[in-house]
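Here is a short tour of one structure.

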Amino acid sequence: MRPNRSYRWFVVGVFFGFILLHQTDRLLISPLTTSIMDEFHITKTQMGLVSTMALIVGGVLFPVWGYLYDRFARPRLLALASAIWGATTWLSAIAPTYPTFLATRASTGIDDSSYPGIYSLISDYFGPAMRGRVYGLIQLAQPLGYLAGMGLALGLGPIWGWRRVFFLTGSIGIVLAILILVFVRDVPRGRSEPEMEGLESIQPHRFEWRKAVELLRKRSLLFLYAQGFVGVFPWQVITFWFFAYLELERGYDQNAILMTMAPAVLVLSAGYFVGGSLGDAAFRRNRRGRLLVSMVGVLMGAILLTVTINVPHSDRTTFMIWLLVTAVFIPFASPNVISTLYDITVPEVRSTALALQYFFEEGGSALAPLLAGLIADQSSLETAILWICVTAWLIGFCLLAGAAYLIPKDMDVLRGQMRERAKAEAR
């Protein structure tokens, strides 16, 4: 039975809240970076290693979470991930030394790789024509979580200290675990595909290793995975080091950082929804539309960030204007890449397909904070941010172009598979 409209949007609301608060916890470390460095007396390179280790742990576990989501009940696994988030954040809050903090913060990567279950479940609530908008809406929560983390760090950090702030966000993870476990229901995989319209019930299709291996034979998917390997470098560098860049190299105080980053993050948040909506609209006109929108996003990001970083440090108004313009385009690719993955993969391996995407993203970008720290120690954060981001976006543009060229054939294969299943169900 198809879930009713109000319940579908209730589930979207729950997952929006989960991602918002989880990202608040995950990205909280960025505005607290200088406080943590001061307490443990560590260098930028050592601090970059903290984020890198969490990314490595998360990246390694993405395929594991993807497999579990395709085999078992997704809401229960998401509740487990939320509980792990709470527990590992508490452990970070009590770490007495840098080595223990490095280890406990690395353990927070366990739940960071839990998102494929969310997007897979949502794909069974909403059909292909509007997934970009829904994913863009959910992904609004990521930069808003960054903003919330900034507010907590700048508002409560000086009063409570970074350890108590971690205790607060860890507790929220436990509460959300209970909420998801009690109120979110699973739905048959493939329920929202157009070919299944009008069918009262559908037979479940189980995860098979053969189907998972076939993912690596789709040429367009391989281009997307390669793009993912370099495509998240800019996000990791910006989220981890941009606060320190404003403070240490542009001379911003805490109030100036808040007044600069808050509008930028709000604009960036809107970019997810705008990018997803434009991708849906372009997809209805051309099957390559989602990836064409993604290509525009990464190319404009490279151009506009170059302009922004090169604004003189004394001209804060012009810097602010260009930063806002850049922020609009940065997230265009994200909701469209996820939607495209689901346009070419069968429902029972979609969590695995997205988990592999994230595996390659984290596998590449895990080194980004450390690499930026190394470059910054030798040169400057400005140089590190600019060169890493622009290089990654230009390479990503070329790889997205390759995927766009190949994508129609793989879409035709999926639609043929779904038509065959619909015929079998109707018999």
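Helices H15 (residues 254-285) and H17 (residues 316-329) are roughly parallel to each other, because angles under 35 degrees count as roughly parallel. Their axes come within 7 Å and cross at roughly 25°. Axes here are lines fitted to C-alpha atoms, for helices over the stretch in contact, and angles run from 0 to 180 degrees between N-to-C directions. Helices are DSSP runs (H or I, at least four residues), numbered from the N terminus. The crossing of H15 and H17 is right-handed. A crossing is called right-handed if the near helix is turned clockwise from the far one by less than a right angle.

On the H15 side, the contact (heavy atoms within 4.5 Å) uses Ala256, Met259, Thr260, Pro263, Ala264, Val267, Leu268 and Gly271. H17 answers with Arg316, Phe319, Met320, Leu323, Leu324, Ala327 and Val328. By class, the contact of H15 with H17 has 12 nonpolar, 2 polar and 1 charged residues. Ala, Val, Leu, Ile, Met, Phe, Trp, Tyr, Cys and Pro count as nonpolar, Asp, Glu, Lys and Arg as charged, and the others, Gly among them, as polar.

This is a predicted model, in which local features need pLDDT of at least 70 and side-chain atom pairs count only at pLDDT 80 or more, while totals for chains, interfaces and linings use all residues. Residues are numbered from 1 along each chain as its sequence is written, and side-chain values use heavy atoms, with hydrogens and water left out.

| Pair | Angle | Axis distance |
|---|---|---|
| H15 and H17 | roughly 25° | within 7 Å |
| H3 and H5 | roughly 30° | within 8 Å |
| H1 and H9 | about 45° | 7 Å |

H3 passes H5 in a right-handed crossing. Gln46, Leu49, Val50, Met53, Ala54 and Val57 of H3 meet Tyr98, Phe101, Leu102, Arg105 and Ala106 of H5. The residues of this contact divide into 9 nonpolar, 1 polar and 1 charged.

H1 (residues 5-27) and H9 (residues 141-155) pack at about 45°. That makes H1 oblique to H9; oblique covers angles that are not roughly parallel, not over 145 degrees (roughly antiparallel) and not 65 to 115 (roughly perpendicular). Their crossing is right-handed. H1 contributes Phe16, Ile19, Leu20, Gln23, Thr24 and Leu27 to the contact. Among the H9 residues there are Leu144, Tyr146 and Leu152. The contact of H1 with H9 holds 9 nonpolar, 5 polar and no charged residues.

Which residues touch the most other members of the largest nonpolar core? They are Phe15, Phe101, Tyr119, Ile122, Phe242 and Met261, out of 121 residues. Helix H21 (residues 381-426) gives the largest share of this core, 17 residues. A nonpolar core is a set of buried Ala, Val, Leu, Ile, Met, Phe, Trp, Tyr and Cys residues joined through side-chain atoms within 4.5 Å. Buried means under 20% relative accessible area, exposed over 50%, and partly exposed in between (1.4 Å probe, protein chains only).

Tyr119 and Ile122 are both buried in H7. In H7 (residues 116-123), 8 of the 8 residues are buried, so this helix is largely enclosed by the rest of the structure.

**Single residues**

Arg74 is found in helix H4 (residues 74-93). Is this residue buried or exposed? Arg74 is buried, with a relative accessible area of 0%. Its contacts, not counting residues up to four places away in sequence, include Gly117, Asp124, Asp186 and Arg189. Arg74 and Ile118 are 44 residues apart in sequence and 7.9 Å apart in space, C-alpha to C-alpha.

Arg76 also lies in H4. Arg76 is exposed, at 63% relative accessible area.

His41 sits in the loop between H2 (33-40) and H3. Its phi is positive, about 55°, although it is not a glycine. His41 is exposed, at 70% relative accessibility.

Phe229 lies in helix H13 (residues 219-231). Phe229 is partly exposed, with a relative accessible area of 39%.

Definitions and conventions. Helices (H or I, at least four residues) and strands (E, at least two) are DSSP runs, numbered from the N terminus.
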